Amino acid sequence: QVQLQACGGGFVQAGRSLRLSCAASGNIFHISAMRWYRQVPGKERELVAAITTGGSTNYADSVKGRFTISRDNAKNTVYLQMNSLKPEDTAAFYCNADVLRTRLGSWTNYWGQGTQVTVSS
């Protein structure tokens with residue numbers, strides 16, 4: 001199996017920074033896209049940022065210029081550097097990845113557990 005372990009959430013004041021990380025472990029041959037989503041109670045989960053194996057990125061408009069997604073392919077880890085945090089960034093953040101478990105296998109999408117980010121005004 002494959003597990004995604006996210007960490008780095010916490011409680012911060014507006015304007016401060018946090019760095020999330022998510023490490024994939026288990027039976028992994030290759031990981032393609034890795035993503036961060038966030039969700040607040042009563043709303044749909046939304047895509048925050050995504051990164052390909054080659055490092056191409058895309059961001060939600062609400063976080064452009066403030067958040068940076070990166071990855072370490074050797075460690076199967078994705079990061080989300082969040083700067084200039086705002087109260088509206090408060091959410092549970094989830095990592096997500098497309099994983100190939102064997103060379104001849106099929107792609108499977110995996111989710112990590114959420115890590116809570118709370119930003120006070």
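A residue is called buried when its relative accessible area is under 20%, exposed when that area is over 50%, and partly exposed in between, as judged with a 1.4 Å probe and protein chains only. By this criterion, 42% of the 121 residues of the protein chain count as buried. The structure is a predicted model, in which local features need pLDDT of at least 70 and side-chain atom pairs count only at pLDDT 80 or more, whereas totals for chains, interfaces and linings use all residues. Residues are numbered from 1 along each chain as its sequence is written, and side-chain values use heavy atoms, with hydrogens and water left out.

The protein chain contains zero helices and 11 strands, where helices (H or I, at least four residues) and strands (E, at least two residues) are DSSP runs numbered from the N terminus. The radius of gyration, taken over C-alpha atoms and compared with a globule rule of 2.2 Å times the number of residues to the power 0.38, is 14 Å for the protein chain, close to the 14 Å that the rule gives for 121 residues, so the chain is as compact as a globular protein of that length. Along its principal axes, the C-alpha trace of the protein chain spans about 50 × 25 × 20 Å. With contact defined as heavy atoms within 4.5 Å, 56% of the contacts between residues at least 6 apart in sequence join residues at least 24 apart.

Two strands are taken to pair if DSSP finds at least two bridges between them.

Four bridges join β11 to β2 (residues 10-13), the two strands running parallel, and Gln13 stands opposite Ser120 in β11. Strands β9 and β11, by contrast, pair in the antiparallel sense over three bridges, and the bridge partner of Phe93 in β11 is Thr115.

A nonpolar core is a set of buried Ala, Val, Leu, Ile, Met, Phe, Trp, Tyr and Cys residues joined through side-chain atoms within 4.5 Å. The largest such core has 31 residues, of which Trp36, Leu80, Met82 and Phe93 touch the most other members. The elements that give two or more residues to this core are β1, β3, β4 (30-39), β5 (46-51), β7, β8, β9 and β11 (115-120), and β9 gives the most, with five residues. When residues up to four places away in sequence are not counted, Met82 touches Arg16, Ser17, Leu18, Leu20, Arg66, Phe67, Phe93 and Val117.

Two loop residues complete the description. Asn76, in the loop between β7 (67-72) and β8 (77-82), has a phi near 50°, a positive value in a residue other than glycine, and counts as partly exposed at 23% relative accessibility. Ser84, in the loop between β8 and β9 (91-100), likewise has a positive phi near 50°, and Ser84 is partly exposed, with a relative accessible area of 40%.
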